[in-house]
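Please keep the sequence and the coordinates open beside you as I talk.

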Amino acid sequence: MTYLRSLFLNFLIVFFAARVMPGITIEFYEKVPNIGADILFSIVVGFLNSIIVPALVLLEVEITNLKIAIIGFVISYLSFIIISIVDFGVTSNILGIVLGGSLVWIFSYFTNYLELKHLKMKK
C-alpha cells in the first residue's frame with residue numbers, strides 16, 4: 001500500500017508542477033497525441049520517483065538518505081531538462097527547470113524517506 005500511495009503522491013506533485021509552476025508551458029491539446037502530454041509526463045516522472053526505494057531494495061544495496069536524495073535529484077532535474085529539449089507538448093525554460101525540478105525533488109525525497117522508514121519498521 002505504501003508504494004501505491006507514493007506513486008499517487010509523486011504523480012500529483014509532478015502534475016501540479018507542470019500545471020502551476022512558472023516557466024513550464026503545456027501546449028494545446030490539438031498538438032498533443034490522444035493523451036495529454038502533461039498527464040503522460042506526470043505518470044512517467046511520478047513512476048520513476050516512486051520506485052527509488054523499491055529499486056534499491058531489489059538491487060540489495062544499503063539504502064541511505066543520501067542515495068535517495070541523489071537519485072531523486074537526478075530523476076527530477078533530468079526530466080525537466082529533457083522536456084526543455086524535446087518538444088512533445090510540455091516545454092520548460094530555465095525557471096521551470098529550477099522551480100519544477102526543486103519541487104518534484106523535495107517531494108520525491110519526502111515520499112521515499114517515508115517509504116524507507118516504513119520498510120525499516122517492518123523489519
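Phe11 and Phe15 are 4 residues apart in helix α1, and are therefore separated by about one helical turn; helices here are DSSP runs of H or I with at least four residues, strands are runs of E with at least two, and both are numbered from the N terminus. Phe11 counts as partly exposed at 22% relative accessibility, and Phe15 also counts as partly exposed, at 26%. For those labels, buried means under 20% relative accessible area, exposed means over 50%, and partly exposed is what lies in between, with a 1.4 Å probe and protein chains only.

Before I go on, a word on what we are looking at: this is a predicted model, in which local features need pLDDT of at least 70 and side-chain atom pairs count only at pLDDT 80 or more, while totals for chains, interfaces and linings use all residues. Residues are numbered from 1 along each chain as its sequence is written, and side-chain values use heavy atoms, with hydrogens and water left out.

Back to the rings. A pair of aromatic rings is described by the distance of the centres and the angle of the planes. Rings of Phe, Tyr and Trp (for Trp, the six-membered ring) pair if their centres lie within 6.5 Å, and planes under 30 degrees apart count as stacked, over 60 as edge-to-face, and the rest as tilted. How many aromatic pairs does the structure hold? There are 7 aromatic pairs. Phe11 and Phe15 are one of them, and because their ring centres are 6.0 Å apart with the planes at 20 degrees, that pair is stacked.

Phe73 and Trp105 also form an aromatic pair, this one edge-to-face, with 5.1 Å from centre to centre and 80 degrees between the planes. Phe73 sits in helix α4 and Trp105 in helix α5, so this pair ties together parts that are 32 residues apart in sequence. Phe73 is partly exposed, with a relative accessible area of 38%, and Trp105 counts as partly exposed at 27%. Ring pairs also bring in Tyr77, linking Phe73, Tyr77 and Trp105 into a cluster.

Turning to charge, side chains of opposite charge can pair when their charged atoms come close. The rule used here asks for a side-chain nitrogen of Lys or Arg within 4 Å of a carboxyl oxygen of Asp or Glu, and by this rule the count comes to 1 salt bridge. Asp38 forms that salt bridge with Arg19, and the closest N and O atoms are 2.5 Å apart. Asp38 belongs to helix α2 and Arg19 to helix α1, so the pair ties together parts that are 19 residues apart in sequence. Asp38 is buried, at a relative accessible area of 0%, whereas Arg19 is partly exposed, at 42%.

Helix α2 itself covers residues 37-50, and its 14 residues reach 20 Å from first C-alpha to last, close to the 20 Å expected at 1.5 Å a residue, where the expected span is 1.5 Å times one less than the number of residues. Its buried residues include Phe41, Val45 and Asn49, and among the elements covering the buried residues of α2 are α1, α4 and α5.

Helix α4 has 21 residues, which should span 30 Å at 1.5 Å a residue, and its end C-alpha atoms are 30 Å apart, in agreement. Ser79 is found in helix α4, and is buried, with a relative accessible area of 11%. Ser79 and Val45 are 34 residues apart in sequence, yet 6.9 Å apart in space, C-alpha to C-alpha. Not counting residues up to four places away in sequence, Ser79 touches Phe41, Val45 and Val74, contact meaning heavy atoms within 4.5 Å.

Ile24, in strand β1, counts as buried at 8% relative accessibility. Leaving aside neighbours within four places in sequence, the contacts of Ile24 include Ala17, Phe80, Val90 and Gly100.

Finally, a residue to check in the backbone: Glu60 lies in the loop between α3 and α4, and has a phi near 55 degrees, a positive value in a residue other than glycine. Glu60 is exposed, with a relative accessible area of 73%.
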